[in-house]
Amino acid sequence: MKEDELVEDGYAKARLACDFAGGDHTKRYVFYRDINQAALYEDQELEERFDEALETHEFEVWYQPKYSVSGAEMVGSEALVRWRNKDGSLISPGRFIPLFEKNGMIARLDEYMFRSVCCQQAKWKEEGYPILPVSVNLSRASLYYSDLVEKYENIIKEYQLDARYVQIEVTESAMEGKTDILKVLGQFRKIGVQILMDDFGTGYSSLAVLNTRCFDTLKLDKSLIDHIGEEKGETLLYHVISMGKQLGLNITAEGVENTMQLEYLQKLHCDDIQGFLFARPMPKADFEKEMKKKCEEQIRE
Ligand code: C2E
Ligand code: MG
Ligand code: MG
């Protein structure tokens, strides 16, 4: 603090530095002068726009298809959020999800996405599309609301959906040592909603979590897939997949980008593939075309 600076101003700066450090436990201190002011103002602006953006449907659901390992069959998709600015440009989730996770707003966004997916599934059912499961991401902060399962169950009922068709993805690190979260996941499974463990292989892979029987699917993170072609990477993947299968889990490989990776995953009898090799996340209209195309192909075969 400068000598002639007001205590209130000094305090405000210290608070700002504190907020900036956020949940990063690796930082023991942060200097106010090192804060990226522009990014901070941008964060503030995003926070201020959040309520209106929810109301005016600026958040869009994009879908990334998942395919059987042979590539022949579409088996479902993952719903991924995109924020459409008024000028038509898009903001990617990497820019705002961590921010909304820090300030707790994420729970409302996750619920919005879940509701949007249920609503869309009901429309597709009515329009005669084949109904395939769509998985929705839930952040750790969303899992702490006591009435969460009841609320989500009511949304499913409101749209008269079979709970099999909306799945929940929870990132691996969210449940590390968290028995209360595992209980919530158990409640979801009881009402028929499948749970997918996302990003497996990143952060602190807790093998004990696999033994909790709270999951239906293991989603192997791209960082594991990237090492296909290397002896050690392939050995690790071989053992992770056979362990998961022996535990009765469905295995989805995420971030599959080339045929060499695909062929290795086919050899290991991985179940499903999600990655740019087959399809990128796409807006609803493109996803509908993809569903139609796949349907026609399957009918012809
Ligand atoms: P995620 O749930 O692990 O989603 C997969 C991410 O990997 C997506 O990025 C997808 O576009 C990307 N991806 C898929 N295949 C490939 C590939 O072959 N190569 C590469 N390079 N990338 C691939 P996206 O859409 O940017 O989402 C990033 C993360 O943001 C998601 O990771 C998820 O953690 C979070 N997210 C997205 N939507 C939501 C949401 O509605 N709620 C919450 N809580 N988090 C969300
Ligand atoms: Mg995911
Ligand atoms: Mg993932």
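**Notebook: helix H6 and the magnesium site**

I began with helix H6, residues 179-190, whose 12 residues reach 16 Å from first C-alpha to last, close to the 16 Å expected at 1.5 Å a residue. I note here that the model is a predicted one.

Next I looked up burial along the helix. Ile181, Leu182, Val184, Leu185 and Phe188 of H6 are buried. They sit on the same side of H6 because they cover an arc of only 155 degrees around the axis. I then checked the other side of H6 and found Thr179, Lys183 and Lys190 exposed.

What do the buried residues of H6 pack against? I listed strand E4 (134-138), helix H5 (148-158), strand E5 (166-171) and strand E6 (195-200). I also looked just past the end of H6, where Gly192 takes a positive phi of about 95 degrees.

I turned to the metal site. Which residues are the protein donors of the magnesium ion (ligand 3)? I found Asp198 (OD), Asp199 (OD) and Glu254 (OE), at 2.2 to 2.3 Å from the ion. Along the chain, these donors follow the spacing D-D-x54-E. The magnesium ion (ligand 2) lies 4.1 Å from the magnesium ion (ligand 3), and Asp198 coordinates both. I placed Asp198 in strand E6 and Glu254 in strand E8 (residues 250-254); the two are 56 residues apart, so the pair links distant parts of the chain.

Key: Residues are numbered from 1 along each chain as its sequence is written. Chains are lettered from A and ligands numbered from 1 in the order in which they are written. This is a predicted model: local features need pLDDT of at least 70, side-chain atom pairs count only at pLDDT 80 or more; totals for chains, interfaces and linings use all residues. Side-chain values use heavy atoms; hydrogens and water are left out. Helices (H or I, at least four residues) and strands (E, at least two) are DSSP runs, numbered from the N terminus. The expected span of a helix is 1.5 Å times one less than its number of residues. Buried means under 20% relative accessible area, exposed over 50%, partly exposed in between (1.4 Å probe, protein chains only). The arc is that of the directions from the helix axis to the C-beta atoms. Contact means heavy atoms within 4.5 Å. Donors are N, O and S atoms within 2.8 Å of the metal (3.2 Å for Na, K and Ca); water is not among the atoms, so sites may look incomplete.
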